[in-house]
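This report goes through one structure, from strands to cores to charged pairs. Please keep the sequence and the 3D view at hand while reading.

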Amino acid sequence: MIVPRLFLLLSGLYSVSACSRADVQAKEAGAAPPNTGHLFTRLPSSYTGVRFENRLTDTREMNVFTYRNYYNGGGVALADITGDGLPELLLTSNLGGNKLYLNKGEFRFTDVTEEAGVEGNGFWATGATFADVNGDGLLDIYVCYAGKVDGQRRANELYINNGLDKAGVPTFTEAARAYGVADEGYSTHAAFFDYDRDGDLDLYVLNNSFRPAASFGLRNIRHIRSPDGGHKLYRNDGRRFVDVSEKAGIYGSEIGFGLGVAVGDVDRDGWPDIYVSNDFFERDYLYINQRDGTFAEEIERQMPSISYSSMGLDMADMNNDGWLDIYVTDMLPEDEYRLKTTGAFENWDIYQTKVKNDYHHQFARNMLHLNNANGTFSEIGQMAGVARTDWSWSALIADFDLDGYKDIHVTNGLAKDVTSQDYIAFLANNETMAAAARAKQVDFLGLVKAMSSTKLPDYGFRNKGDLTFSNESAAWGLDTPAFSNGAAYGDLNGDGALDLVVNNVNDEAFIYRNDVRTRSKHGYLQVKLEGDAKGANRFAIGAKVTLRGGGRTFFQEQMPSRGFQSSVDYVLTFGIGELAKLDSLVVEWPDGRVTTRKDVAPNQRLVIRQAGVADTSVPPAPRDTKSVAPMIFADVTERVGLRFVHHENAFVDFDRERLIPKLLSTEGPYMAVADVNGDGLTDAFIGGAKDQAGELLIQQQGGGLSATNKSVFEQDKISEDLGAVFFDANGDGSPDLYVVSGGNEFSDLAPALQDRLYLNDGRGNFRKTSGNLPAESNSGSRVAAADFDGDGDIDLFVGGRVVPGRYGIDPASTLLRNNGAGRFTDVTGQLAPELANIGMVTDALWQDVTADGRPELVVVGEWMPIAIFRNRGSGRLERVSAPGLEQSHGWWNRIIAGDFTGDGRIDFVIGNLGLNTRLQANASEPATMHVKDFDGNGFVEQIISYYNHGRSYPLPLRDDLIKSLPFLKARYLNYEKYARQTITDIFPPADLADAVVKHAHAFETSLARNNGDGSFTLLPLPHEAQFAPVYGILANDFDRDGKLDLLLAGNFDGVKPEIGRMSGGYGLLLRGDGTGRFASVRSRDSGFFVPGQARDIQRIRTRQGELYVVTRNNDRPLIFRAASSSATMVAR
């Protein structure tokens, strides 16, 4: 939420929430508004009778400076409390009193707040939820309060439902203290659920910190409980709730800035888990239920990256696999102008310090956490297209268009632009501070008035069914600018479609009628659950409902508290597209009993009762959540006992080059394999980081790998090992070893950059040669070996990766010809001059692409196309223009060859950056980089630009650019002037004329299909292959069906916070069909599970079968073996 920097400028800065003036009874007159041509139609209050407005009026005592959460707004709660099948509406207000409206049908509502007795006695109502707290079959109301007032005024309220009076109006009695739940913290929201499965509803109260965020520093006090606040878990002991937070393992520190809570069974073990979203610097919490009354907080183990300013969230099955995914909102603007006038990112040093202080990897964007069904999540929000929605609050995942895939609704906006960078600069201005110092008291109202105010539209994302979403905000009629906060969905008129209610600051609440039933043929099924009347969970909170039909699965869990400060209707609405019937409906009740129905007709509301269901409970799932099907691979890392661990040296490339997007010093380790001692077993070499020797690993008869020749490699540990290859350099029949020296830590003339050649005596004993290689100091990447000149010995290509300290300038790559005795000559200029500065090479291979018996050289790299050099004979290489690859420029990392299409021709699979990143590119909208010493100080600057809404903008924010190029400050004295600038606006044509310009048109990891006529077609691999950068690729027939499959692994942590850690991958098996198509098999089903930063995959043959070794940066390798010859894979 609000960046602490604002509150450092004036002391005592606290607050943010929402208010409303009293509701006026609406006259029920006029016809219902017609459909507007959108999915949703916003209904006027003159028709609905809901004239609720959460009105805030700034005062000297109460404003955004004196109360931090002043603009956070109110909530919405929906539930049928009259028994007519239509949900009633509760809206909370910060200053004007809460309102309860009875649903009279056809979107007509009547204000019964006074008769019901639920207006509230507290100050600053926030979240609200309906729940049957006492198990009498009537829904009660729990309202949260906050605000900078005395504790008793801030106490949460529990309204016990007395039933309907003679007029049919439900009445309530406030009893929070009697039940022990009059929590006096800065409460945001609450969730009722049965965490201990004893049959009654327990309560989680989400609180926000009393203290200003800027008052904490970076010291982590998460384990110190706050006596005044902190999140709370209350156990229901009958007529009284007991605080069991500490005993249950719930954090209660004052650094918990709770803004969202969602409950659901994320590991499918039958017990509810909890996700808490925290604002500011404290990380979110993922509490996994241990089934013994306690929770284990596991977010660092299960989620590699999380949102920084986490706001609201929802938990639902987004991809129809039966597992709950999690979506968390943040504050990253989609619009470039808003980003550059209101946004700021942490620098690398602060980010790393927070990671070291156990605040985890947090980044300023919405996060969509895809449940991998194995105790991990892949964050895919950027690939999915839902990462940037500006100052967002509520997130609701539901099928609004009834096509069978759940969509996303996000509320948006803050009444004042408190993070306006120009406003913050105004506050920090010496004159502003001096005026404040002269005054007897700070003129808060004047400071508030000086802030700009920008209403923002909400977002509606349509689920496309392929892990991506399209922004349909305008098409769906949800783009009315406002300051929207809490929201809830429910079928308000009983037509089978989910309508929306949104609570706004300083505007009337929005009621949206969903018109999908009149606009499409999509069907629905509604399920109303009735828990066992003998128990205390009469509305079956925690029950799971699964529908199956047409080969599809639809899954929901009964858990009303969702979004932001809100709760949705209890009736579960499933969209089923155009299915004519459903094969089955299965209800898993909270106590484990199961109800099943077959052949269910669509377009109806079913009432499913637990009463009378036999005890056919399913045993709890095993804690390890492994697939019950046989695995393809088994992790045998511990059994093999490989002791090598890669230790990355501490070096920050950004300290030397402020504007580069990523680290170039963390790209190892790579691996080479061969039988070096002639015993018929494959041995290996794994490279070391700077100041770490690489290791030669000799395979033992039992399959273990032991390090040898340690003293030989120890002498070169100063070098950073990158690519390596075993080949017969001197013609003695034994594999020798070439190791590429690289990295970005050195100067461009450092001796440590000299590559190395080690000769083998045939028995696995190596010695380093002297004088066999040309003297050079290139920072290289990969080496590829082949007899390119046809003279019978093995020659080499060595790719140049980077000019240290000059990212973007093409380094030297070399073609080395062997004289047959292991001495090499650089013949690049003579035989392949176009290779000399081909680009920032990351990989290369030799392959007879043209089937003429001579190997061609294929080279890939960063900001490079896939480049093919035709072998014209006698070693002469000529770059050819291959149709289909003209705009193949990408951030390629790895290339392998194989016939993946079954036509006898050689295709290529190439690992790329992936699509799950802020940087996006295509043929018409490329990412670009201008490289030049713009200020003439002897150091080059790199300015990356990318397209946003049809226009290319520089990636750096104003402050970041000015730190590197101070002369630009005079031109851009404020942030607004810089916000819409392009690279050609910032620099005149003369300054750009001699700049090096790089392009990237494709970031997908892809198959380059050989068309047989010299042309290629780039075909992106499945979306699961785009979750993260791919570095390791291995092709083999892993499922033994006669067709090539793929193993992929990657991830990359060394990117700036504005781009964010790219860690969505856990290793992936792609099953090939022999025609160039691949189906992903998730780790849970394949057994190939690779967390961390993978860099290479190699195959080792042993007497017990093949091993697959995955090297990882700053970690130990992982080793896998084929688990079974008869394993069956499940492709998704």
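## Terms and model

Two strands are said to pair if DSSP finds at least two bridges between them. Helices (H or I, at least four residues) and strands (E, at least two) are DSSP runs, numbered from the N terminus.

The model is predicted: local features need pLDDT of at least 70 and side-chain atom pairs count only at pLDDT 80 or more, while totals for chains, interfaces and linings use all residues. Residues are numbered from 1 along each chain as its sequence is written, and side-chain values use heavy atoms, with hydrogens and water left out.

An open sheet is built from four strands in the order 35-34-39-40, with antiparallel pairing. Strand 35 (552-557) and strand 40 (594-600) are at the edges with a single partner strand each, so one side of each has no neighbour in the sheet. On average, neighbouring strands are turned by 15° against each other, direction ignored (axes are lines fitted to C-alpha atoms, for helices over the stretch in contact; angles run from 0 to 180 degrees between N-to-C directions).

Strand 34 (residues 544-549) is mostly covered, with five of its six residues buried; buried means under 20% relative accessible area, exposed over 50%, and partly exposed in between (1.4 Å probe, protein chains only). Six bridges connect strand 34 to strand 35 in the antiparallel sense, and V545 is opposite Q556 in strand 35. Strand 34 and strand 35 make a hairpin with two residues between them, and G550 in the turn has a positive phi of about 60°.

Strand 34 is also joined to strand 39 by five bridges, again antiparallel. Here T546 stands opposite V586 in strand 39. V586 also has T596 as its bridge partner in strand 40. Strand 39 (residues 582-588) and strand 40 pair over six bridges.

## Domains and nonpolar cores

The domain assignment (bounds come from an automatic or database assignment) lists domain 1 (52-417 + 452-518), domain 2 (523-609), domain 3 (651-844 + 851-880) and domain 4 (927-998). Between the C-alpha centres of domain 2 and domain 3 there are 59 Å.

A nonpolar core is a set of buried Ala, Val, Leu, Ile, Met, Phe, Trp, Tyr and Cys residues joined through side-chain atoms within 4.5 Å. The largest one has 59 residues, and F130, F193 and Y204 have the most contacts inside it. Its largest share, five residues, comes from strand 9 (residues 140-145). Domain 1 and domain 2 both give residues to this core, so it lies between them. Leaving aside neighbours within four places in sequence, F130 is in contact (heavy atoms within 4.5 Å) with residues including L78, I141, S567 and Y570. A second, separate core of 53 residues includes A316, W891, I944 and F1003.

## Salt bridges

The structure holds 59 salt bridges, each a side-chain nitrogen of Lys or Arg within 4 Å of a carboxyl oxygen of Asp or Glu. One of them joins D269 and R291 (3.1 Å, N to O). D269 lies in the loop between strand 16 (258-264) and strand 17 (273-278), and R291 in the loop between strand 18 (285-289) and strand 19 (295-297), so the pair ties together parts 22 residues apart in sequence. D269 is buried at 3% relative accessibility, whereas R291 is partly exposed at 27%.

R1061 and D1053 also meet in a salt bridge (2.9 Å, N to O). R1061 is buried at 16% relative accessible area, and D1053 is buried at 18%. Salt bridges with shared partners link R222, E282, R283, E297, E300 and D358 into one network.
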